[in-house]
Amino acid sequence: MYFPKMKSMLEELSGLLRKKKKKKKKKKRNSSTSPLVISSIFVVLGLEELFSLMVWRASLSEFLGTAVLVFVIDTVVISTVESETKVPNLILSILVAITVTIILLATYPISGGPINPLVTFSALLTGLICISKAFIYILAQCAGGVVGALALKAVVNSNIESTFSLGGCTLHIVEPGPNGPTVIGLGTGQALWLEIICGFVFLFASVLMAFDHRQAKALGHVKIFTIVGIVLGLLVYVSTSVTTAKGYAGAGLNPARCLGPAIVRGSHLWDGHWVFWVGPAVSAVVFSLYTKIIPPQLSHTVF
């Protein structure tokens, strides 16, 4: 009678020992895997660069470059329209190309010279920079856009500021009409498609060469940045000419440039402002997909 009881007791003890051993193994696995998970998250987010003084110093170049870009380009927008020239779009596109080329050459040695959330976001999606660095750069670019708009506001009179909206990105404007104020400009849908198409063309036709180490080495940075400036100038000309819609300022192609005047001036610049962010974001996603689709044997880029 005692043997069956003893046998069942031994089985229960052995079962308890097995459970304890399994728990210990799970603890060991969890303790060994948790550092790996933390380190992988650390690498993916690039937290090392978030606390890097070098990256924050480089972002200062992005801040100043974007501030100068906004100040100069918005001044060019105002001056070309104010001069009442017969071909303001052509003059504007040429001056934009020259300005962008010069600023790229000035900022490239320090930060790489994206000076544009569109370019920074596409670099993130294609794996050229980490999330933390992209965040720091875009933050610096947006802050630079605001400072550039503030600098422009400080040197123009209130009449020019209200008439030209500090050269900001607009979809439409309100003008006095015979039956009261009328809204003239471009529809949100058309403007969004223009942002997406022009943004993708900008990345495909010029920025792709800047991302490609082989082409950059073969052509040289001066030629690469000149091409980037020319392509951007052409897109400014196309987007302002193809619609022939008064009140539409053309494709923004740089969310930070649109954000600065919107924060400083406000008013109708916030109407449809999301278009100047969503459009470039979509074009960056499409561009990154394109770089992934290219067969490796045909691609000579770093992607």
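**Notes on the cysteines, the cores and a helix pair**

1. Let's start with a cysteine: Cys198 has a relative accessibility of 5%, so Cys198 counts as buried, the cut-off for that label being under 20%. Bear in mind as you look around that this is a predicted model.

2. Now for the disulfide. How many are there? The count comes to 1 disulfide. The bond joins Cys169 to Cys258, with an S to S distance of 2.1 Å. The torsion about that S-S bond is about -75°, so the disulfide is left-handed.

3. Have a look at where the two partners sit. Cys169 lies in the loop between helix H7 (158-164) and strand E1 (172-177), while Cys258 belongs to helix H11 (residues 255-265). The pair is 89 residues apart and links distant parts of the chain. Are these two buried or exposed? Cys169 is buried, at a relative accessible area of 3%, and Cys258 is buried too, with 3%.

4. Next, the nonpolar side chains. The largest nonpolar core holds 44 residues, and Val100, Phe202 and Tyr248 touch the most other members. Several helices each supply at least two residues of this core: H3 (53-82), H4 (88-111), H5 (117-125), H8 (188-211), H10 (221-241) and H12 (275-293). Which helix gives the most? That's H8, with 11 residues.

5. If you skip its neighbours within four places in sequence, Val100 is in contact with Leu69, Ile73, Gly229 and Leu232. There is also a second, separate core of 7 residues, and its members include Ile78, Ala149, Leu152 and Phe164.

6. H8 passes H12 in a right-handed crossing.

7. Who makes that contact? On the H8 side, the residues include Ala191, Leu192, Ile196, Gly199, Phe200, Leu203 and Phe211. H12 brings in, among them, Val275, Phe276, Gly279, Pro280, Val282, Phe287 and Tyr290.

Notes. Residues are numbered from 1 along each chain as its sequence is written. This is a predicted model: local features need pLDDT of at least 70, side-chain atom pairs count only at pLDDT 80 or more; totals for chains, interfaces and linings use all residues. Side-chain values use heavy atoms; hydrogens and water are left out. A nonpolar core is a set of buried Ala, Val, Leu, Ile, Met, Phe, Trp, Tyr and Cys residues joined through side-chain atoms within 4.5 Å. Buried means under 20% relative accessible area, exposed over 50%, partly exposed in between (1.4 Å probe, protein chains only). Helices (H or I, at least four residues) and strands (E, at least two) are DSSP runs, numbered from the N terminus. Contact means heavy atoms within 4.5 Å. A disulfide is a pair of cysteine sulfur atoms within 2.5 Å. A crossing is left-handed if the near helix is turned anticlockwise from the far one by less than a right angle, and right-handed if clockwise.
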